[in-house]
Amino acid sequence: MSEVTRLGVLLSGRGSNFLAIAGAIAEGELRGVEIAVVLANREDAGGLAAAREMGVAARCIASRGMERGEHERAMIAALREARVDLVCLAGYMRVLTGEFVGAFPGAILNIHPSLLPSFAGLGVQAAALEYGVKVAGCTVHFVDEAVDHGVIVLQRTVEVQDHDTAETLAARILAEEHMAYPEAIGRVVSGLYGVVGRRYVRL
Ligand code: GRF
């Protein structure tokens, strides 16, 4: 990685995690990092509009009507064109194929609103509540070819309250996500951590 790590942020929706990362950089809490490009697969993604308003390079490569492989290759090309070192999925609602994962080996992160390996997939805050867990949270992990499966960089927890709904729980988890993602990126770019087995540990 170059001296300044260039991030490519991929999103499909409102983009609050993107804004948290951008905020941490602006506040000097996340050093040695810049957002090289924001890519969305939907033109109506709120995060895309937010990025453009902030003057961050942002592009939509619409996935609708495009064959999966063709769409991925266009995304990979855009990330390479922006000289991205680290890809951060931030509410990017597409499953990546091995071709995409292989294009950025060990350099794709995702944030997921559960304590993996529990509750992979979608609708996970409601699923955690229905299951009756007492502790929920979020996970930042490296992306591999299986969904919500790669090596965990860090997790943050929240206690489930008796009066929680899926919405109140999701909101508290989201607040933790906004701290977890910048912190996780900081760890990854620090060069101080490495993967031992499935464990991401300080070397
Ligand atoms: C977050 O809950 C994230 O964990 C999940 O998708 C949601 C994205 O939210 N992968 P936002 O677009 O960053 O606000």
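Student: How many helices and strands does the secondary structure of the protein chain come to?

Tutor: The chain has 6 helices and 9 strands, where helices (H or I, at least four residues) and strands (E, at least two) are DSSP runs, numbered from the N terminus. This is a predicted model, in which local features need pLDDT of at least 70, side-chain atom pairs count only at pLDDT 80 or more, and totals for chains, interfaces and linings use all residues. Residues are numbered from 1 along each chain as its sequence is written, and side-chain values use heavy atoms, with hydrogens and water left out.

Student: Why does the radius of gyration agree with a compact globule?

Tutor: It is taken over C-alpha atoms, and the globule rule is 2.2 Å times the number of residues to the power 0.38. For 203 residues a compact globule would come near 17 Å, and the protein chain has 16 Å, so the two agree.

Student: Why does C88 count as buried?

Tutor: Buried means under 20% relative accessible area, exposed over 50%, and partly exposed in between (1.4 Å probe, protein chains only). C88 has 0% relative accessibility, so it counts as buried. Buried residues make up 48% of the 203 residues in the protein chain.

Student: How many disulfides does a search of the whole structure find?

Tutor: The search finds 0, a disulfide being a pair of cysteine sulfur atoms within 2.5 Å. For C60, the nearest cysteine sulfur is that of C88, 19 Å away.
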